[in-house]
Amino acid sequence: MASGFFAVLDDIAALMDDVAVASKVATKQTAGILGDDLAVNAEKATGFLSSREIPVLWAITKGSFINKLIIIPIAFLLQVIFPPAIKIILILGGLYLAYEGVEKIIEYFFHKKEKHEEVSAETENGENAEKIKVKSAITTDFILSLEIVIIALGSVLEKSLPIQIITVSVVAFLATVGVYGIVALIVRMDDAGYKLISKSNNKGFLTFFGNLLVKALPLIIKALSIIGTIALLLVSGGIFDHNIEWVHQFLPHLTEMVKHLLYGIIAGLLVFIIIFIIKKGISLIRK
């Protein structure tokens, strides 16, 4: 009886060792997408009232966990019954990310006045605007989570099913906790700065550091907005490059980053034009 118990413990220990090794490899392969995920979600989690930052971030984090609870079993199921479906879903997700990235660029250059009016409307109806932003953030997280899960799964396909399931689950969990943990630190920088200034009575190094945190936050948010938009285009372009053969063979002399950015912009513009035409058609029909 005792020998059987210790044999089970040995099996569990061996399984955990395999999972640890596989998780390290999978995390390394998803590091790039995790960086993009951080930039995108940090940009999406900012712009709220200070009192609403943590509740909003928690709502997005819960949505991210739910996304992964949905994605992981579906990914394993599709991998068994219809593997091409994963590529199709990834490409559709890539089109959405590309569209979102290009839309942000077009909005910045051509609709600054409309954007200002939109912020005023948000002030009058903050709760509704908050729900819309949270929903948008969770939708984007779904696509980025799908990419993370697929890459993690692809890195352990030669392993046994239990190791695959545990490894992908660990990577997905760490992705959510890591990304949104760092985002939480970023969005609360100014509050931490004000507390340091208050406790130090506006004197000494703590005051200097507190002021640094307060002044740095707007710059970081602005930088994250730009980085997040670029990340959307890079992730989408990477999806096309890795999952569409003729796209992968196209422009072989360009560096990977330049190709991905270019593919993201082209795809985003095409989707933007299609949606614009559809919207115009619908408005004409209604008139």
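The legends below describe an overview and two close-up views of a predicted model. Residues are numbered from 1 along each chain as its sequence is written. In this predicted model, local features need pLDDT of at least 70 and side-chain atom pairs count only at pLDDT 80 or more, while totals for chains, interfaces and linings use all residues, and side-chain values use heavy atoms, with hydrogens and water left out.

**View 1. The protein has 11 helices and zero strands.** Helices (H or I, at least four residues) and strands (E, at least two) are DSSP runs, numbered from the N terminus. Of the 287 residues, 38% count as buried, that is, under 20% relative accessible area with a 1.4 Å probe and protein chains only.

**View 2. A nonpolar patch on the surface is formed by Leu77, Val80, Ile81, Phe82, Ile88 and Leu92.** Together these residues have about 640 Å² of accessible area (Shrake-Rupley method, 1.4 Å probe, only the protein chains shown counting as cover for residues). Helix 3 (50–81) and helix 4 (84–110) each give two or more residues to the patch, and the largest share, three residues, comes from helix 3. Ile88, which is found in helix 4, is partly exposed, with a relative accessible area of 47% (partly exposed lies between under 20% for buried and over 50% for exposed).

**View 3. Helix 9 (residues 204–243) bends at Ala216.** The helix has 40 residues and reaches 55 Å from its first C-alpha to its last, close to the 58 Å expected at 1.5 Å a residue, the expected span being 1.5 Å times one less than the number of residues. The bend at Ala216 is about 35 degrees, and a proline, Pro218, follows within four residues; a bend is the angle between axes fitted to the seven residues ending at a residue and the seven starting there.

Note on methods. Patch = residues over 30% accessible without salt bridge, like charges linked within 9 Å, V, L, I, M, F, W, Y side chains within 5 Å. Salt bridge = Lys/Arg side-chain N within 4 Å of Asp/Glu carboxyl O.
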